[in-house]
Amino acid sequence: LASSPRARTRGICGWTEAMSLLFLVHAICQPASLIVLGISAAIDLKDRVIPNELVVAIAVIGFAQGLALRPGLVWFSLLVAIIVFFGLWIVAHVKIIGGGDLKLISAVTLLVPPDRVGQLLIDIVLAGGLLSCFYLAAHYGLKRLPEPRSAAAEAAPSAKKSGFVRTLKAERIRIGGGYPMPYAVAVLGGVIVYNAMQFLQP
């Protein structure tokens with residue numbers, strides 16, 4: 001039997017409500033993930049550490065987004081994140097990236113569908129390559145300048161310096177001393193590039 005007009009109307013309303021909910025989840029999760037990644041990048045740039053709380057926040061946002069947008073694939077997304085974690089553990093073991101970078105990259109894979117994790121990782125690697133080129137050029141460029149004081153001395157609070165100026169001066173010393181680069185900045189850049197490319201796709 002053909003469905004009644006009331007049933008059809010109820011079905012249309014249910015579909016509309018579901019689409020509205022999905023749009024709301026996406027509208028909340030995407031900016032929230034970028035904000036948390038931005039905070040992670042700022043802290044990594046300043047202190048060379050990525051707080052575990054921020055990594056957990058990214059993972060929770062990604063899991064919630066996956067549960068709402070692709071519930072049938074959310075457990076597969078977790079499996080992919082675990083595989084990425086153990087794959088990058090080898091890279092972290094030889095000191096190419098840090099433990100915080102390893103956890104953050106694994107967490108951000110939950111922000112995208114499982115079949116697009118490869119593209120996200122490529123974007124992060126490319127952003128990391130650009131960041132490495134910048135730090136390498138800055139490292140050799142700073143060798144021509146007078147020897148600065150220690151990073152701890154430059155980062156110490158001072159009434160005459162703003163926090164931003166202190167961070168810049170401390171970063172100059174880290175670059176000159178060959179300190180590890182803040183890879184959370186590359187992760188943020190890779191996620192932004194990925195989102196931009198998805199937005200521009202027809």
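In the predicted model, helices H3 and H4 are roughly antiparallel to each other, because the angle between them is about 155° and angles over 145 degrees fall in that class. H3 spans residues 74–93 and H4 spans residues 99–108, and the two axes lie 9 Å apart. The crossing of H3 past H4 is right-handed. On the H3 side, the contact is formed by Ala81, Val84, Phe85, Leu88, Trp89 and Ala92, and on the H4 side by Leu102, Lys103, Ile105 and Ser106. By residue class, the contact of H3 with H4 comprises eight nonpolar residues, one polar residue and one charged residue.

H4 also packs against H2. The axes of H2 and H4 approach within 8 Å and cross at roughly 15°. This angle is under 35 degrees, and the pair H2 and H4 is therefore classed as roughly parallel. The crossing of H2 and H4 is left-handed. Asn52, Val55, Ile58 and Ala59 of H2 make the contact with Lys103, Leu104, Ala107 and Val108 of H4. Six nonpolar residues, one polar residue and one charged residue make up the contact of H2 with H4.

The chain as a whole contains eight helices and zero strands. Along the sequence, the order of elements is α-α-α-α-α-α-α-α. Of the 202 residues in the chain, 33% are buried.

H1 covers residues 5–47 and includes Ser40. Ser40 has a relative accessibility of 0% and therefore counts as buried, the limit for this class being under 20%. When neighbours within four places in sequence are set aside, the contacts of Ser40 are Ile50, Leu54, Leu104 and Ala184.

Apart from neighbours within four places in sequence, His26 is in contact with Pro31, Gln65 and Leu69. The C-alpha atom of His26 is separated by 9.8 Å from that of Ala64, a residue 38 positions away along the chain.

The loop between H1 and H2, the latter covering residues 52–69, contains Arg48. The backbone phi angle of Arg48 is near 55°, which is a positive value in a residue other than glycine.

Cysteine residues were also considered. A search of the whole structure returned zero disulfides. Cys29 has a relative accessibility of 10% and so counts as buried. Cys133, in contrast, counts as exposed because its relative accessibility is 52%, a value over the 50% cut-off.

Definitions and conventions: Residues numbered from 1 in each chain as written. Predicted model: local features only at pLDDT ≥ 70, side-chain atom pairs only at ≥ 80, totals over all residues. Heavy atoms only, no water. Axes fitted to C-alpha atoms, helices over the stretch in contact; angles between N-to-C directions. Helix = DSSP H or I, 4+ residues; strand = E, 2+ residues; numbered from the N terminus. Parallel < 35°, antiparallel > 145°, perpendicular 65-115°, else oblique. Left-handed = near helix turned anticlockwise from the far one by under 90°. Contact = heavy atoms within 4.5 Å. Nonpolar A, V, L, I, M, F, W, Y, C, P; charged D, E, K, R; others polar. Disulfide = S-S within 2.5 Å. Buried < 20%, exposed > 50% of the residue type's maximum accessible area, 1.4 Å probe, protein only.
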